[in-house]
Amino acid sequence: MSCKNYPLFLWLLSLIIISCKPVNKTTTMTKKIVIAHRGASGYLPEHTLESKAMAFGMNVNYIEQDLVLSKDNIPIVIHDIYLDDVTNVAEKYPERKRVDNRFYVIDFTYNELKELKVVERFNPITGEQVYPNRFPKNKGTFRLHSLSEEIELIKGLNKSTGKNIGIYPEIKAPKFHQKEGKDISKIVLNILSKYGYTSKADNCILQCFNAKELERIRKEFTSNLFLVQLIEHPEETKKLTHFATYADGIGPWYKQVVLKNKQQKWEPTSLVAAAHELGLKVHPYTLRADDFGDFKSFNEMMETLLITANVDGVFTDFPDLVVQFLKKTD
Ligand code: G3P
Ligand code: CA
């Protein structure tokens, strides 16, 4: 090759290298992201490793982990501080309920929790399945697992498939944990750090509903992770400027993002534009194909939130449908 052609050769070589390298769309977060809410929970019992593996196969960007501590300080992947609406704890350990008749994750060791069967979510008083058309209650053999076990599954799959799917852990009930003498954020941050999740480039988004706790994570623990402030009550949407002092994004309820006008047409509230103005990403929860509220269809729900309201990503129980929708609209 002559010297004259050398720059062209270099250019071609760099083009090949760039096109062979798996593109990490999620780290820079310029694309809209799909977050598997409790895994592919529309199809398999929530927060089981099976539902996480299924979500992984659906090519989501992030898989969510809600976290509660066991008696022996192991972060367990489960949505509530209670066990009795997703496990057989009431049959297995009937004498271990508290005076409020609830069974608490924090009263059981990791080994005891591993003995429990996980089932599709149900109402512990009536025994009725919450989403009747989902995975049949009391079928299958599913177990609880720790944050470490889930990270090892996702990292293992990333290695074996060449993908780069992220984790999206949530610190649950920090005040409750504190009353029980436990610092859940400290324990979770240590585990994340052990697995290499320390900065915004590490494909981990940490979320919490408790604003004081998320601020503490940024300021007291000096975490450099991408932090998302979850929003439950409408009045919290007025605190965006404060959230922007420590968070990178917000996770509002979808009804805070869009509403129907007098002509019964969906239109965005001011929330997304205000958040974007402050440099905050917006990831509303939760898009469900079997519970799409006042929308005419799940498609209308996806279109209104992702296109009309221009959010940056969504939590969904049906990740395959949102992945397909975004592919079509890309
Ligand atoms: O964490 C955001 C999303 O998961 C909604 O909250 O109650 O399902 O944990 P939740
Ligand atoms: Ca959550």
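Biologist: Why is Ala-173 called partly exposed?

Modeller: Its relative accessibility is 29%. Buried means under 20% and exposed means over 50%, so at 29% Ala-173 counts as partly exposed. Bear in mind that this is a predicted model.

Biologist: Where is Ala-173, and what is its phi?

Modeller: Ala-173 lies in the loop between strand 4 (166-171) and helix 7 (174-179). Its phi is near 45 degrees, a positive value in a residue other than glycine.

Biologist: Is Asp-84 buried or exposed, and how do you know?

Modeller: Asp-84 has a relative accessible area of 7%. The cut-off for buried is under 20%, so Asp-84 is buried. Asp-84 sits in the loop between strand 3 (75-77) and helix 4 (89-92).

Biologist: What does the side chain of Asp-84 reach?

Modeller: A polar contact of 2.8 Å links the side chains of Asp-84 and Arg-102. The side chain of Asp-84 also reaches the backbone nitrogen of Phe-103, at 3.4 Å. A polar contact requires N or O atoms within 3.5 Å.

Biologist: What makes Ser-160 exposed?

Modeller: Its relative accessible area is 59%. Exposed means over 50%, so Ser-160 is exposed. Ser-160 is part of helix 6 (residues 147-161). Ser-160 and Asn-261 are 101 residues apart in sequence, and their C-alpha atoms are 48 Å apart in space.

Biologist: How do you know that the buried residues of helix 8 line one face?

Modeller: The buried residues of helix 8 (residues 184-194) are Ile-184, Ser-185, Val-188, Leu-189, Ile-191 and Leu-192. Looking down the axis of helix 8, these buried residues fall within an arc of 160 degrees, so they line one face of the helix.

Biologist: Which exposed residues are on the face of helix 8 turned away from its buried side?

Modeller: That face carries Asn-190 and Lys-194, both exposed. Helix 8 is followed by Gly-196, which has a positive phi near 90 degrees.

Biologist: Now for the ligand. Which residues are around ligand 1?

Modeller: They are His-37, Arg-38, Glu-64, Asp-66, His-79, Glu-170, Lys-172, Gln-207, Phe-209, Leu-230, Tyr-285 and Phe-315. This shell divides into four nonpolar, three polar and five charged residues.

Biologist: Which side chains have an N or O atom 2.8 Å from an oxygen atom of ligand 1?

Modeller: Arg-38 has one at 2.8 Å, and His-79 has one at 2.8 Å. For the side chain of Gln-207, the distance from an N or O atom to an oxygen atom of ligand 1 is 2.6 Å. The protein covers 90% of the 290 Å² of accessible area that ligand 1 has on its own.

Biologist: Tyr-285 is in that shell. What kind of peptide bond joins Tyr-285 and Thr-286?

Modeller: A cis peptide bond, with omega at about -15 degrees. Thr-286 lies in the loop between strand 10 (281-282) and helix 12 (298-308).

Biologist: Last, the whole chain. How does its radius of gyration compare with that of a compact globule?

Modeller: For 330 residues, a compact globule would have a radius of gyration near 20 Å; the protein chain has 21 Å, so the value agrees. The C-alpha trace spans about 80 × 55 × 40 Å along its principal axes. Of the 330 residues, 49% count as buried, and the secondary structure comes to 13 helices and 11 strands.

Key
Residues numbered from 1 in each chain as written. Chains lettered and ligands numbered in written order. Predicted model: local features only at pLDDT ≥ 70, side-chain atom pairs only at ≥ 80, totals over all residues. Heavy atoms only, no water. Near = heavy atom within 4 Å. Polar contact = N/O pair within 3.5 Å; in protein donor to acceptor, adjacent residues only side chain to side chain. Areas by Shrake-Rupley, 256 points an atom, 1.4 Å probe, with all protein chains shown as cover. Nonpolar A, V, L, I, M, F, W, Y, C, P; charged D, E, K, R; others polar. Helix = DSSP H or I, 4+ residues; strand = E, 2+ residues; numbered from the N terminus. Buried < 20%, exposed > 50% of the residue type's maximum accessible area, 1.4 Å probe, protein only. Arc of directions from axis to C-beta. Rg over C-alpha atoms; globule rule 2.2 N^0.38 Å.
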